[in-house]
Amino acid sequence: MAEFATIARPYAKALFSLAQEKNQIESWLGELKELAAVVQDEKVIALIEQPEMGASEKAETLKGLVGIKNVELANFITVLAEQKRLLVLPEIYAQYQDLTLIHNNTKSAVVYSAYELSSQQLADVTDILTKRFNSKLDVVAKVAPELIGGIKVEVGDQVLDLSVQGKLNALYATMTN
C-alpha cells in the first residue's frame, strides 16, 4: 500500500490545512473515520468501482451513507470522486490522524500484552510511558498471547519489548552467537 500512502499524502495535508484554518480538526477527524470505514465495505467498493456510474453520483451516494453535513468536507469527497481516489480514503484518514497527533503534540502508542490489561494497569503503563517518551500518548491496548507474559510497546518507530517472548528471543540469540 506504499502507492496509496504516496497518493494520499497531498490530499491529507491539504484537508488538514483547511481543517486547521476552519478550526475543525477534531470534528473532521471523526467524519473521516466514518468515511474510511464505509469505503472499506465490499458493497461500497463495488459501487465505487462501477464504471457506468458518474463521479458526482458516487460522491453523493457516499456523502449520503455517512451523512456529511460540512460543505468543505463534502467538496473534498467530490474532488476525490472526480480524481478516482475514493478508495484511498482509509489512507487519507490514517495520514490525517497522524497530522492531528503531531499538531496536538501527541504520539500514538500500541501496548501489546499477553493478557487483557485492566483499566488501572493500562493507566499505570500510560503514565510511565508518558514520562519515558516525554509526550502525550494516544494509547491502544491489544492482546498478543504469543508474548507469554510482560508487555511490548510501539511508539512511532520505537519498540520497547519487555515481554517474556522478547527475553527468550534475546537469550536464544546470545546462545547461538
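In this predicted model, helix H2 passes helix H6 in a left-handed crossing. H2 spans residues 25-39 and H6 spans residues 89-103. Their axes come within 8 Å and cross at roughly 155 degrees. Angles over 145 degrees count as roughly antiparallel, and H2 and H6 are therefore roughly antiparallel to each other. On the H2 side, the contact is made by Ile 25, Glu 26, Trp 28, Leu 29, Leu 32, Lys 33, Leu 35, Ala 36 and Val 39. H6 contributes Leu 89, Pro 90, Tyr 93, Tyr 96, Gln 97, Thr 100 and His 103. By class, 11 of the residues in this contact are nonpolar, 3 are polar and 2 are charged.

Helix H2 also meets helix H4. The axes of H2 and H4 come within 10 Å and cross at roughly 115 degrees. H2 is thus roughly perpendicular to H4. The crossing of this pair is right-handed. Glu 31, Glu 34, Leu 35, Val 38 and Val 39 of H2 make the contact with Leu 62, Leu 65 and Val 66 of H4. Here the residues comprise 6 nonpolar and 2 charged, with no polar ones. Leu 35 and Val 39 are listed in the contact with H6 and again in the contact with H4.

Helix H4 in turn packs against helix H5. Their axes come within 8 Å, at a crossing angle of roughly 140 degrees. That angle makes H4 oblique to H5. The H4-H5 crossing is right-handed. From H4, the residues involved are Ala 55, Ala 59, Leu 62 and Lys 63. They meet Ala 74, Ile 77, Thr 78, Ala 81 and Glu 82 in H5. The contact of H4 with H5 divides into 6 nonpolar, 1 polar and 2 charged residues. Leu 62 belongs to this contact and also to that of H2 with H4.

The largest nonpolar core has 32 residues. Leu 89 and Tyr 96 touch the most other members of this core. Each of six helices supplies at least two of its residues: H1 (2-22), H2, H3 (42-48), H4 (55-66), H5 (71-82) and H6. Beyond residues up to four places away in sequence, Leu 89 touches Leu 32, Leu 35, Ala 36, Val 39, Leu 62, Ile 77 and Leu 80. A second, separate core holds 9 residues, including Ala 109, Leu 137, Ile 151 and Val 155.

Leu 32 lies in helix H2. Its relative accessibility is 0%, so Leu 32 counts as buried. The C-alpha atoms of Leu 32 and Thr 61 are separated by 15 Å. These two residues are 29 residues apart along the chain.

Two loop residues other than glycine have positive phi values. Phi of Asn 23 is near 55 degrees. Asn 23 sits in the loop between H1 and H2. With 71% relative accessibility, Asn 23 counts as exposed. Phi of Ile 148 is near 70 degrees. Ile 148 is found in the loop between strand E2 (136-143) and strand E3 (151-155). At 42% relative accessibility, Ile 148 counts as partly exposed.

Key: Residues numbered from 1 in each chain as written. Predicted model: local features only at pLDDT ≥ 70, side-chain atom pairs only at ≥ 80, totals over all residues. Heavy atoms only, no water. Axes fitted to C-alpha atoms, helices over the stretch in contact; angles between N-to-C directions. Helix = DSSP H or I, 4+ residues; strand = E, 2+ residues; numbered from the N terminus. Parallel < 35°, antiparallel > 145°, perpendicular 65-115°, else oblique. Left-handed = near helix turned anticlockwise from the far one by under 90°. Contact = heavy atoms within 4.5 Å. Nonpolar A, V, L, I, M, F, W, Y, C, P; charged D, E, K, R; others polar. Core = buried A, V, L, I, M, F, W, Y, C linked by side-chain atoms within 4.5 Å. Buried < 20%, exposed > 50% of the residue type's maximum accessible area, 1.4 Å probe, protein only.
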